[in-house]
Amino acid sequence: MNHTPSPWTCTEKASHLDITASIPPGEVPFILAQVYGKSALPPGIAEANARLMAAAPDMLEALRECADVLATYSPRLEQNTTVLRARAVIAKAGRAADHQG
């Protein structure tokens, strides 16, 4: 998976929210994405979207670890609907990373 490593942070600006990361950690952060729509969306929605995006790399890693732990704990869980769904989401994130230029 080739995405910018976490942590990603969400910073509120006057008209938008910035999703930023630092490589290496501790360096000056750079902008990964900007979320607009604070004035067009119901209150709090743009902020919630930006926080969700900022949490994405950590959630992906946690989901991968959970699926692996479940399958290791009980190999029959590898075919469980929830584990299969988790594996599909992990694969989807990998495909998205693979298509970035």
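**Cysteines, sheet and core of the predicted model**

Cys10 is partly exposed in this predicted model, with a relative accessible area of 29%. Cys66 is partly exposed too, at 47%. With a disulfide taken as two cysteine sulfur atoms within 2.5 Å, the count comes to 0 disulfides.

As for confidence, the chain averages a pLDDT of 86, and 91% of the residues score at least 70. Residues 97-101 are another story: pLDDT stays under 50 there, and the model has 3 contacts beyond four places in sequence for this stretch. Where pLDDT is low, the predicted coordinates should not be read in detail.

Turning to the fold, three strands make an open sheet in the order β1-β2-β3, with antiparallel pairing. The edges are taken by β1 (8-12) and β3 (30-35); each has a single partner strand, so one side of each is left without a neighbour in the sheet. On average, neighbouring strands are turned by 30° against each other, direction ignored. β2 and β3 pair in the antiparallel sense over 5 bridges, and Asp18 has Gln34 in β3 as its bridge partner. α1 packs on this sheet and touches β1, β2 and β3, its direction making about 160° with that of β1.

The largest nonpolar core is built from 6 residues, namely Leu17, Ile19, Val35, Ala46, Ala50 and Ala54. Two or more of these come from each of β2 (17-21) and α1 (45-73), with α1 giving the most, 3 residues.

Key
Residues are numbered from 1 along each chain as its sequence is written. This is a predicted model: local features need pLDDT of at least 70, side-chain atom pairs count only at pLDDT 80 or more; totals for chains, interfaces and linings use all residues. Side-chain values use heavy atoms; hydrogens and water are left out. Buried means under 20% relative accessible area, exposed over 50%, partly exposed in between (1.4 Å probe, protein chains only). A nonpolar core is a set of buried Ala, Val, Leu, Ile, Met, Phe, Trp, Tyr and Cys residues joined through side-chain atoms within 4.5 Å. Helices (H or I, at least four residues) and strands (E, at least two) are DSSP runs, numbered from the N terminus. pLDDT is the predictor's confidence in each residue, from 0 to 100. Contact means heavy atoms within 4.5 Å. Two strands pair if DSSP finds at least two bridges between them. Axes are lines fitted to C-alpha atoms, for helices over the stretch in contact, and angles run from 0 to 180 degrees between N-to-C directions.
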